[in-house]
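Me: Could you walk me through this structure, and tell me how you know what you say about it?

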Amino acid sequence: MRFEFLVDQHVKIKTFLKKHDISKGLLAKIKYEGGAILVNGQAQNATYLLDIGDHLSIDIPSEEDVTGKLEPIVHPLDIVFEDDHFLVINKPAGFASIPSALHSSTIANFVKGYYIERDYENKQVHIVTRLDRDTSGLMLFAKHGYAHARLDKQLQQKLIQKRYFAIVHGSGDLEQKGEIIAPIGRPEDSIITRCVTPTGKYAHTSYEVVQSWGDVHLVDIHLHTGRTHQIRVHFSHIGFPLLGDDLYGGSMDYGIKRQALHCHRIGFINPFTGKDLICESDLTNDLKSVIMKLKNKI
């Protein structure tokens with residue numbers, strides 16, 4: 001895959017490319033795995049001194065399935081957005097993001113099957129944003145390592161926006177808007193659950209109530225950090241656990257058998273175009289059914 005740049009600095013190639021998120025590892029891959037660096041059409045090495053106005057091209061080698069560890073599985077995907085660099089899918093509840101000892105038929109397997117079925121040049125699966133098995137909604141993938149590196153930088157700078165809908169239930173008043181800032185870590189007696197603990201990592205969640213039905217609320221959530229089970233732990237911590245989330249004290253009385261959580265919006269800057277890219281996803285049928293029942297009770 002070729003990427004081209006118009007040089008605006010009198011610097012070495014490696015210095016220029018570092019500012020464009022080309023790492024030392026990727027430079028080594030270009031050098032040793034069949035890539036190329038061209039200046040005004042002539043092959044050069046990474047220490048070549050560029051002039052302002054030079055045309056720099058880099059050819060990044062294809063990412064073949066060298067390990068074979070991720071089994072490709074052909075399975076329908078609900079694709080929300082796709083271009084040469086990124087893929088956004090609408091994940092159904094009930095599927096883990098990546099394989100584990102308990103889960104072998106996952107979204108990553110399905111994406112791998114999709115790449116191979118279409119004979120894409122790059123066949124490695126790069127997950128940028130994950131979701132819990134029973135959380136539905138948008139997942140973002142990079143279609144090659146360079147795209148992943150560029151989005152990792154946006155993740156570090158908190159430029160990738162993820163918004164979720166959740167249905168929560170609790171006694172007392174839930175403020176119309178709120179910030180939940182509470183550190184999250186593992187309890188001593190579990191490797192699965194998480195909890196608010198002074199020894200945990202910083203975690204920040206913002207929310208706004210969209211609609212209420214008595215002591216049940218539909219909330220729109222903005223994640224500022226990405227801790228495991230963050231939304232579920234934070235809302236349980238303030239006394240409003242998610243419906244269907246029995247792991248964290250959520251009510252099972254509203255006809256939903258999984259945590260009522262859906263990633264409905266992902267936004268980021270496409271680093272290859274400089275334009276904002278926003279993807280959105282409607283609520284799933286099971287969440288709509290819960291809301292309909294709540295409305296009918298009023």
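**Where domain 1 meets domain 2**

Reply: Happy to! Between domain 1 and domain 2 there are 3 residue pairs in polar contact, both residues at pLDDT 80 or more. A polar contact is a pair of N or O atoms within 3.5 Å; within protein, one must be able to donate a hydrogen and the other to accept it, and residues adjacent in sequence count only if both atoms are side-chain atoms. This is a predicted model, where local features need pLDDT of at least 70, side-chain atom pairs count only at pLDDT 80 or more, and totals for chains, interfaces and linings use all residues. Residues are numbered from 1 along each chain as its sequence is written, and side-chain values use heavy atoms, with hydrogens and water left out.

Me: What makes Arg 150 and Asp 21 a salt bridge?

Reply: The term asks for a side-chain nitrogen of Lys or Arg within 4 Å of a carboxyl oxygen of Asp or Glu. Here the N to O distance is 3.2 Å, so the pair qualifies under that cut-off. The count between domain 1 and domain 2 is 3 salt bridges.

Me: How do you know where the domains lie?

Reply: The bounds come from an automatic or database domain assignment. Domain 1 covers 2–59, domain 2 covers 63–157, and domain 3 covers 162–263 + 288–296.

Me: What is the buried area between domain 1 and domain 2, and why is it called buried?

Reply: It is called buried because it is accessible area (1.4 Å probe) that two parts lose on being put together, summed over both. For domain 1 and domain 2 this comes to about 620 Å², with 57% of it on carbon and sulfur atoms. Phe 3, Asp 21 and Lys 29 supply 68% of the area that domain 1 buries against domain 2, more than any other three residues.
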